[in-house]
Amino acid sequence: SHFAPRERCPWLLASEAADCPVCVPPAECKMRSFRALAVLASASSASALSPGSVLHSPLRRRQSAPVCAEERSALPLLPAIFSTDAAVAESGLDSALVPLRIAAGVLMIHHGSEGGLGPANFGTPGFEGFVDFIIKPYFGFLPGDPALWSALHDYAEFWGGLLVAIGLLTRPASLLLLFATMACAVYFHLASTGLQGFPLGHVENYSYNFEEPVLYALIFWLLSKTGAGSISIDEKIAQAFDAE
């Protein structure tokens, strides 16, 4: 005789779930539950007496497999940070990417040297002029000392440019230069001189102000997507990850 449909007994093993109909008599359901407990008890006894046999049992393999997968992918982001995009490497565009990266990085080092050799030359006319004519009037909404923000800008351009030029941590360094310096430069030029008749109007004094930081921003966005290229420290680190 059949019984009314009911939920599957929660005591059943996963291996018995497939052949457990929804109309099993309660007595048989209890018997299957007792068999499940007996299997677990025997497995525990066997592990105490013969560890090797249980370690190689199908049940133990199913339990340990996900752990091994997690261990293999414990640091999934590190290889992606250092490696060059596979499509770029295979297409041959790497030969154009490397000189673009080096040139952009070296030029950023120059941009970060406000008022002297190296970044954040406090007290020099170049550094103080950046504070008085750019930071104070256009970024006065930032909290704290304007000279501090000027120094942070210099450090980001100088050290970020150096990292990009040598190809070390190129992706995060490019993102730093994109958002911490070039996005701010685009905002400053648009706020001070506007679009200057873009795209077809005449530019007075032939001073194209906002276009340069826009091009830099696009270059650093590209590098954050592609990686450093073959001639870089990042590539050597990526190869070390691949060897492991």
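Author: Happy to. Let's begin with Ala120, which counts as buried at 10% relative accessibility; buried means under 20% relative accessible area, exposed means over 50%, and partly exposed lies in between, with a 1.4 Å probe and protein chains only. Ala120 sits in the loop between α7 and α8, and its phi is positive, about 55 degrees, although Ala120 is not a glycine.

A word on the ground rules before we go on. This is a predicted model, in which local features need pLDDT of at least 70 and side-chain atom pairs count only at pLDDT 80 or more, while totals for chains, interfaces and linings use all residues. Residues are numbered from 1 along each chain as its sequence is written, and side-chain values use heavy atoms, with hydrogens and water left out.

The protein has 12 helices and zero strands; these are DSSP runs numbered from the N terminus, helices being H or I with at least four residues and strands E with at least two. Of its 244 residues, 32% count as buried. Among contacts between residues at least 6 apart in sequence, 63% join residues at least 24 apart, where contact means heavy atoms within 4.5 Å.

On one side, α7 (residues 94-111) packs against α9 (residues 146-166) at an angle of about 160 degrees, with the axes 7 Å apart. The pair is therefore roughly antiparallel. Axes here are lines fitted to C-alpha atoms, for helices over the stretch in contact, and angles run from 0 to 180 degrees between N-to-C directions; under 35 degrees counts as roughly parallel, over 145 as roughly antiparallel, 65 to 115 as roughly perpendicular and the rest as oblique. From α7, Arg101, Ile102, Gly105, Val106, Met108, Ile109 and His111 meet Glu157, Phe158, Gly161, Leu162, Val164, Ala165 and Ile166 of α9. By class, this contact has nine nonpolar, three polar and two charged residues. Nonpolar covers Ala, Val, Leu, Ile, Met, Phe, Trp, Tyr, Cys and Pro, charged covers Asp, Glu, Lys and Arg, and the others, Gly among them, count as polar.

Phe133, Ile134 and Tyr138 in α8 meet Tyr187, Phe188, Ala191 and Ser192 in α10. The contact of α8 with α10 has six nonpolar, one polar and no charged residues.

Between α9 and α10 there is a loop holding Leu169. Leu169 has a positive phi of about 55 degrees and is not a glycine, but at 32% relative accessibility Leu169 counts as partly exposed.

Next, look inside. The largest nonpolar core has 14 residues, and those with the most contacts inside it are Met108, Val164, Leu177, Met182, Tyr216, Phe220 and Leu223. The elements giving two or more residues to this core are α7, α10 and α11, with the largest share, five residues, coming from α11. A nonpolar core is a set of buried Ala, Val, Leu, Ile, Met, Phe, Trp, Tyr and Cys residues joined through side-chain atoms within 4.5 Å. Leaving aside neighbours within four places in sequence, Leu177 is in contact with Met108, Ala156, Glu157, Gly160, Gly161, Val164, Met182 and Phe220.

Ser174, in α10, is buried with a relative accessible area of 0%. Not counting residues up to four places away in sequence, Ser174 touches Val164, Phe220, Leu223 and Ser224. Ser224 lies in α11 and is buried at 11% relative accessibility. With residues up to four places away again not counted, Ser224 touches Arg171, Ser174 and Leu175.

His189 is in α10 and counts as buried at 19% relative accessibility; its neighbours within four places in sequence aside, His189 is in contact with Gly194, Asn209, Phe210 and Pro213. In the loop between α10 and α11 you will find Pro199, and the peptide bond from Phe198 to Pro199 is cis, with omega near 10 degrees.
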